[in-house]
Amino acid sequence: MTATTGAPAAAAAGTANGPSRSWRRVWTGAGAIALALAVWEVAALAIGDSVTLPTVTETARTLAEYLRKPYPEVQGRTLLADALISTGRILAGFLLGTAAGLVLGASMAGVRVIRELADPIIAIMRPLPPIAFIPLLVVWFGIGETSKIALIFFGVLPIVTVATLGALDAVPPDLLNASRSLGASQLHTMLHVRLRAAVPGVITGTRIAMGGAWTAVIAAEMIAATGGVGYLVLQAGNYLQTPLIFSGIAEIAVLGFAFDGLLRLLLRLADPTVRR
């Protein structure tokens, strides 16, 4: 009787503690950010030079100003407009790279010949920094949108492929054997059993790829672009507008945090047992 009633009680306690644990993490994270901002403010006041290190209040004021005011004023864009440009590039390259990585990773997991052919190529591509391909992509596609999207694509593809392959390989064989014993074909087992079980691992891989995608697009915008947050930060740096540089960095941080939050939410929906 004790064992029977103990399991529901433990489950109820876990459910009750879930919201409180989540709020505790929120407040702890907010406290850490507040502490970092306080250290930044004190350091900026101690230095006393806004070109070297602006204060938090000056950076916030600059961020609010240039969200609606273009920089440079004659032919520039607002921070919001540049953020939309960078976000569009991220979404296009990330979605294309993720889709290709899912297909390639699933094909490598299901067909041995494809795995033997693609594995060495992926092993060579994965350590290569996408930034190294910027000059080549500019030669091939110019400084338009295609080169930025291609750069993000080639950065995301190997990461998602490896994550998909690893997640599919980690699916328990008993689960696959049970599906096949019930009459499911190999394709049906891959689509409805193996891929579903691998979803949490795949989403974790896409979170890693998203961070690399932002690194690639900001670097590309600094080298060969006429718009985007990276281009704005570079222009601000050329004129020693340090508060605006920090404003652009803060904007990148907020956008990256938002995208990662969406992927974490997707992970929780795919696997409710994950607490993140």
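Predicted model: local features only at pLDDT ≥ 70, side-chain atom pairs only at ≥ 80, totals over all residues.
View A. Residues are numbered from 1 along each chain as its sequence is written, and side-chain values use heavy atoms, with hydrogens and water left out. Helix α9 spans residues 229-238, where helices (H or I, at least four residues) and strands (E, at least two) are DSSP runs numbered from the N terminus. Within α9, the residues V229, G230, L232, V233, Q235 and A236 are buried, buried meaning under 20% relative accessible area, exposed over 50% and partly exposed in between, with a 1.4 Å probe and protein chains only.

**View B. The protein as a whole contains 10 helices and zero strands.** Along the sequence, the elements follow the pattern α-α-α-α-α-α-α-α-α-α. Of its 276 residues, 35% count as buried. Among contacts (heavy atoms within 4.5 Å) with a separation of 6 or more, 67% come from residues 24 or more positions apart.

**View C. Helix α3 (residues 79-110) packs against helix α10 (residues 242-270).** The angle between the two is about 40° and their axes lie 11 Å apart; axes are lines fitted to C-alpha atoms, for helices over the stretch in contact, and angles run from 0 to 180 degrees between N-to-C directions. Helices α3 and α10 are therefore oblique to each other, since angles under 35 degrees count as roughly parallel, over 145 as roughly antiparallel, 65 to 115 as roughly perpendicular and the rest as oblique. The crossing of α3 past α10 is right-handed, a term used if the near helix is turned clockwise from the far one by less than a right angle, and left-handed if anticlockwise. On the α3 side the contact is made by L79, L80, A83, T87, L91 and F94, and on the α10 side by L244, S247, G248, E251, L255, F259 and L263. Sorted by class, this contact has nine nonpolar, three polar and one charged residues, with Ala, Val, Leu, Ile, Met, Phe, Trp, Tyr, Cys and Pro counted as nonpolar, Asp, Glu, Lys and Arg as charged, and the others, Gly among them, as polar.

**View D. Helix α5 (residues 134-141) crosses helix α6 (residues 145-169) at roughly 135°.** The axes of these helices come within 9 Å, and α5 and α6 are therefore oblique to each other. Their crossing is right-handed. Helix α5 contributes I134, L137 and F141 to the contact, whereas α6 contributes T146, S147, A150, L151 and F154. By class, the contact of α5 with α6 has six nonpolar, two polar and no charged residues.

**View E. Five salt bridges are found in the structure.** A salt bridge is a side-chain nitrogen of Lys or Arg within 4 Å of a carboxyl oxygen of Asp or Glu. In one of them, E65 pairs with K69, and their closest N and O atoms are 3.0 Å apart. E65 counts as partly exposed because its relative accessibility is 30%, and K69 counts as partly exposed at 25%. In another, R115 is joined to D169 with closest N and O atoms 2.7 Å apart. This pair links distant parts of the chain, R115 lying in helix α4 (residues 112-125) and D169 in helix α6, 54 residues apart. R115 is partly exposed, with a relative accessible area of 30%, and D169 is partly exposed, with 36%. D260 forms a salt bridge with R207, their closest N and O atoms being 2.9 Å apart. D260 in helix α10 and R207 in helix α8 (residues 186-223) also link distant parts of the chain, 53 residues apart.

View F. With a relative accessible area of 6%, T59 is buried. Leaving aside residues up to four places away in sequence, T59 touches W40, P54, P243, F246 and S247. One of these residues, S247, is also among the α10 residues that make the contact with α3.

**View G. The residue G212 is located in helix α8.** G212 is partly exposed, with a relative accessible area of 32%. Although G212 and P129 are 83 residues apart in sequence, they are 9.3 Å apart in space, C-alpha to C-alpha.
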